[in-house]
Amino acid sequence: MGVTTAARTAAWVGLFLATAAPVPAQGMFRGDAAHTGVYGGKAPRELHGVKWRFATGGPVLSSPVLDGDTLYFGSGDGNVYAVDAVTGVQKWMSSTRGAVDSTPAVDQGLVFVVSFDGGLYALDAATGRHRWRFDTEGERRFEARGLHGLAPKNQTFFDAWDMYLSSPVAAQGAVFFGSGDGNVYAVEETSGALRWKFATGGVVHASPAYDGGTIYVGSWDSYLYALDAASGREKWRFKTGEDAVMHNQVGFQGSPAVASGTVYVGCRDAHLYAVDAATGKQRWSLPTQGSWVVASPAVAPGKVIFGTSDSKLLFALDPQSGKPVYQQPDNSYLFSSPAVAGDTILVGKMNGSLLARDLETGKPLWEYQTDGSKQNAGWLLKADRSHNDATTFRAGDYGTSAGVERLFSLGAVASSPLVARGVVYFGSTDGFLYALY
Amino acid sequence: MQAKVCAAGMALCVLLVAGPARAQGTTVAPGRFDGVARIPGGPVVLVLDLDREAKSGWIGSITAPGYGVKGLPLAEVREEGGELRAKAALFGGATLRVRGSAGGLAGTLEAAGHTAPLELSRTGAPQVDLPPRNSALAAGFVGQWSTQFEIGAFKLHAELSLRNEEGGNSSGEMKVVEMGGSPMKLEAIVQEGEALRFKAVGGMPIVYEGRLSPKGDAIDGHVYVAALDAAARFARAAHPAGGN
């Protein structure tokens, strides 16, 4: 007990010292415009406790971003929040007319965020006041006949697993984002005026990555696109798998990461791809045993790190060859995009946990479990915290709202963690934003 | 021996300090309280913020993360005999009755004719969500307005009343004639230049966004109800008495 107290005291002192140091802005999904998912500083190597948790009115699928001392994120309750990163106290709350299942981007004193009401909002970062709103042609989830094998096969079902909205990226004075209307948009940061739009053949809920004047984004139409950021002109498109029967193994839900001239992106066709950023030619691909790659990869020196859904694996691949450096089994569907800080990987799990792993080996360091996961209402989890599909998808309702809502009742962590000043921030479907140290 | 005297003194000090603290166990103190209402089918997570306020004694708000509710204001907050009672538009209308407990608050949540135990732990200072302050209105917006709009197959008529209040803010009501009942109160009234935005609450929330016409005789905009929206042009129905 004495050791624990001493360790906690040391952790608090360390935290106090760390919070005094400035950190670079991490004001976009995955930390930067290229979406590398690598954060400055170090993450805790052991869990000391919950620094604070902040309650919203709906599931938090959005990932927090940091600018100065303020965290910005959205919630399924339709609000965008600004919260003091140190104290967890709300600075402001700004409403939209739909769920904000998108991660904000902060640039030039404005917060840009996409809402399920079909709008891109620009909010004053200091006050939350609406500056402008850009209307798309309307949001919608991916949908298909007989989706995932649901019956009857002629019925059109919307995909409840399509849970995220596109997270905007700000660069070159514009905001780039995708929409359920199938378009990729570029909108002027200051005015909200349309710069260009590019039509794809499917829902675009992935977040565009920006690197060197090019926007990279995948669509549910099975293509990864490279677009000129200034004009919207297509530079190349990269074709991935199709699934004409169940529409299960098709499309991009996750976002690309760009590093050293290569675009790394996971696909629901059960592959992780490495594509030449200049030409769009495949460098390598890794099959994932039929399992979706929804999570966006993190690109750390010598490793491309990502998780899979049904096969529940965390991979670290060699960026050059695509060969696994390691693959570690998990006990949960991994939708959350992993974050890397120092020598630690952090990843959210759909069973209501956040797991820290050692970057070098991939071995678990510590795990935090939300209250919903501990309560495990309806025995949705087995004793080892792995998913009990028989109770979760009890009526064959895999991929329907009912099944996904049951998963959400576990306090699932679909949000991507942010690490700053030794604190790990993430959202949960239990409606809270957590700060762990 | 000296050590024993010291220990006895320490124990006395602890008792002196702990005594009043125990007595406060039945008193409600301001704070943020995080816990659950134990309704059948599983606990409902609730976050309650309570603070003292000079004018009315107590103010508060409640958040229910699983129910889309953030910062819902508490109404009729009263403290009597160590029990704090409040109402909230939660679960179709709820009454909270709480007393101070060792770690926070304990009591009941009553809704829909049912009563559930409520256990909340104090987690910090209160963060009461106050309703957003309505901005003052330019004279051209003040007064009575009316409109008709179509939401799906429903043709509706609405009457809008906007006024300025002392203290530099505004208030208003909107009544949808076909829905009957009391007028809906306006919240989050924001006027910037020619643009006006507000939310009407008290039934299914209605958001309106519009702009004052150059002649000042109409506000052109849209109503938003759930996922639906419709064009709505408010025409001036009457000029405000005495102006503003």
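This is a predicted model: local features need pLDDT of at least 70, side-chain atom pairs count only at pLDDT 80 or more; totals for chains, interfaces and linings use all residues.
Let me start with the interface. Chain A and chain B bury about 1,500 Å² between them, and 46% of that is on carbon and sulfur atoms.

In terms of contacts, 21 residues of chain A touch 20 residues of chain B. The rule finds 3 salt bridges across this interface. One that I can name joins the side chains of Arg97(A) and Glu209(B), at 3.0 Å from N to O.

Which elements of chain A give two or more residues to the side that touches chain B? They are β2 (50-55), β5 (79-84), β6 (90-95) and β10 (130-135). β2(A) gives the most, with 3 residues. By class, this side of chain A has 6 nonpolar, 9 polar and 6 charged residues.

Arg406(A) sits in helix α4 of chain A, which covers residues 401-408. Is Arg406(A) buried or exposed? Its relative accessible area is 17%, so Arg406(A) counts as buried, the cut-off being under 20%. Leaving aside neighbours within four places in sequence, Arg406(A) is in contact with Leu380(A), Thr391(A), Thr392(A), Phe393(A), Arg394(A) and Asp397(A). With Thr392(A) there is a polar detail: the backbone oxygen of Thr392(A) lies 2.5 Å from a polar atom of the Arg406(A) side chain.

Terms used:
Residues are numbered from 1 along each chain as its sequence is written. Chains are lettered from A and ligands numbered from 1 in the order in which they are written. Side-chain values use heavy atoms; hydrogens and water are left out. Helices (H or I, at least four residues) and strands (E, at least two) are DSSP runs, numbered from the N terminus. Buried means under 20% relative accessible area, exposed over 50%, partly exposed in between (1.4 Å probe, protein chains only). A polar contact is a pair of N or O atoms within 3.5 Å; within protein, one must be able to donate a hydrogen and the other to accept it, and residues adjacent in sequence count only if both atoms are side-chain atoms. Contact means heavy atoms within 4.5 Å. Buried area is the accessible area (1.4 Å probe) that two parts lose on being put together, summed over both. A salt bridge is a side-chain nitrogen of Lys or Arg within 4 Å of a carboxyl oxygen of Asp or Glu. Ala, Val, Leu, Ile, Met, Phe, Trp, Tyr, Cys and Pro count as nonpolar, Asp, Glu, Lys and Arg as charged, and the others, Gly among them, as polar.
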